[in-house]
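Please look at the sequence and structure before reading the notes.

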Amino acid sequence: MTVIALAAESADQIKADAVIVGVAAGPDGRPVLAPGSDSINTALRRRLVATLVSLGATGQAGECHRIATLGATTAPVVVVVGLGTPVRRQQFAPEVLRRAAGLAVRSLAGAGKVAISLGTAPDGTITDESVTAVADGALLGAYSYRRYRNATLHGYLPPVRSLVVLVADPIQRSAKQAVARSKIVCDAVCTVRDLVNTPPSDLHPREFADFATAEASRVGLAIEVLDEKALKKGGYGGIVGVGQGSVNPPRLVRLAYRHPKATKTIALVGKGITFDSGGLSLKPAAPMEWMKSDMGGAAAVVMAMVAIAQLKLPVNVTGWAPLAENMPSGSAQRPSDVISIYGGKTVEVLNTDAEGRLVLADALVRASEELPDLIVDAATLTGAQLVALGTRMSGVMANDDDFRTAVVAAATRAGEHMWPMPIPPELRKSLDSSVADIANIGESFGGMLVAASFLCEFVGKRDGEPIPWAHLDIAGPAFNQGDAYGYTPKGGTGAAVRTFVQLADDVAAGLL
Ligand code: BES
Ligand code: ZN
Ligand code: ZN
């Protein structure tokens, strides 16, 4: 993976293949140089703005221009990236910096070493928040999935190998820590992207569990894997039912991270359908293409735990990944089968494509049994999420309004797009079954909320009160079917990892 460091060198004199600087949108439609570009502008005999104007630049976010400096600066190339209108005088919001750094670094694929001079204040200082934003954007922009590609074909360019964020001298300790944290979190995000991008023929539940086992031993997490026999014996009817149509049997992974100073325990739960064909309620061809991403929630749980362990956050975290392949066959569950979820509640499976909620039900009951202080799940759960919020915005539902607000706030701070959504109580009735305790599908309008209403039934109590629980529907955001933008590549995005880590951080800091 790409390496990153801080340096207190001048942008015009650093030895690199390219230097990235920013430009804002001025009130008259002309670009205005952002702090951090001074030395480059001076080296170019103050011609940078005029050059940008002649290239058609306006300074809007999303613009990126490459300029050859022909010996005027040590680096042969300067990349000027648009930052739009500043929020305060020459200051830019973290997401603007993340996207700009991501876009610029993506445009430099093939380069070895790239220096970034973005996010500084006019006096040359930089806040830890801005350092994190620039580092995150750059590291997340330096990604490509190469495992199945012959590198020599198609003019393929590998991502930037080495990044240097330029900051004031002396380099603050807190800025160093911010970069170290960013590297840990972004490596976790990029690994989730790899897992999501992996063809489902190479990532069955067993391989996924083996991967989690290897990661756990690498960073010192406790791990327990239940195989199909243990799942049957334990009464995990949701995971077993969904997995029974596949020749690749299901698994339940439990990861645990403990810190001696922790006072709270969070349970993270992630939907891990390694491929969702829909089962006997088979999906049409087009949406099925997308369904290798249906383990994005589970991957986010595993890698967020890895990051939390590496960051040594003073909080206890337990991670649950119910893993199954949803396939049609002679042994597959049928629409109208009744299954028994862990703990005994029965579900009439009216649609085998609403399988995520079945595996999550087992995991939520099992996670609740350990009486955590909070439960958060992430799942590529419904197509209705895309209808309601579009491809880039996850829905956040919860059994507690304050907790939902805190989760959305954590997501926003972490740079993930999440929006609060309700669980209207009247929807529960539509899930009534004529033969079992509950059906797995209900009212079709508001399908994301109906799914949340189903999950809510499986969240346990602690001291007589429901355990605060939030559900992130990341169906669209986990996988970018469109072109790359900002720091987001095509394909797996790593959705929910940054939010999970931020939440653990917030709990550790006593904010939750
Ligand atoms: N994995 C899908 C949801 C999904 C759709 C994820 C699009 C990513 C992109 C889920 O298992 C599913 O098929 N849900 C059904 C539920 C329905 C049958 C109630 C859906 O959303 O159509
Ligand atoms: Zn499905
Ligand atoms: Zn699914």
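The notes below treat the metal site, its place in the chain, and the ligand surroundings.

The model is predicted. The zinc ion (ligand 3) has an octahedral site, and the protein buries 81% of the area that ligand 1 exposes when taken alone.

**Zinc site**
- Protein donors to the zinc ion (ligand 3) are Lys-271 (NZ), Asp-276 (OD), Asp-294 (OD) and Glu-355 (OE), at 2.0 to 2.4 Å.
- The site of the zinc ion (ligand 3) has 6 donor atoms, with angles of 77 to 171 degrees among them.
- For six octahedral donors the ideal angles are 90 or 180 degrees.
- A distance of 3.2 Å separates the zinc ion (ligand 3) from the zinc ion (ligand 2), and Asp-276 coordinates both.

**Place in the chain**
- The donor residues of the zinc ion (ligand 3) follow the spacing K-x4-D-x17-D-x60-E.
- Lys-271 sits in the loop between strand E10 (265-270) and strand E11 (272-276), while Glu-355 sits in the loop between strand E14 (346-349) and helix H11 (356-369).
- Lys-271 and Glu-355 are 84 residues apart, so the pair links distant parts of the chain.
- Lys-271 and Glu-355 are both buried.

**Ligand 1**
- There are 17 residues around ligand 1, of which Lys-283, Asp-294, Asp-353, Glu-355 and Gly-383 come nearest.
- The shell around ligand 1 comprises 6 nonpolar, 4 polar and 7 charged residues.
- An oxygen atom of ligand 1 is 2.7 Å from a backbone N or O atom of Gly-383.
- A nitrogen atom of ligand 1 lies 3.3 Å from a polar backbone atom of Thr-380, and a nitrogen atom of ligand 1 lies 3.5 Å from a polar backbone atom of Leu-381.
- Taken alone, ligand 1 exposes 520 Å².

Methods
Residues numbered from 1 in each chain as written. Chains lettered and ligands numbered in written order. Predicted model: local features only at pLDDT ≥ 70, side-chain atom pairs only at ≥ 80, totals over all residues. Heavy atoms only, no water. Donors = N, O, S within 2.8 Å, 3.2 Å for Na, K, Ca; no water. Tetrahedral: all angles 85-135°; square planar, octahedral: opposite > 155°, others 65-115°. Helix = DSSP H or I, 4+ residues; strand = E, 2+ residues; numbered from the N terminus. Buried < 20%, exposed > 50% of the residue type's maximum accessible area, 1.4 Å probe, protein only. Near = heavy atom within 4 Å. Polar contact = N/O pair within 3.5 Å; in protein donor to acceptor, adjacent residues only side chain to side chain. Areas by Shrake-Rupley, 256 points an atom, 1.4 Å probe, with all protein chains shown as cover. Nonpolar A, V, L, I, M, F, W, Y, C, P; charged D, E, K, R; others polar.
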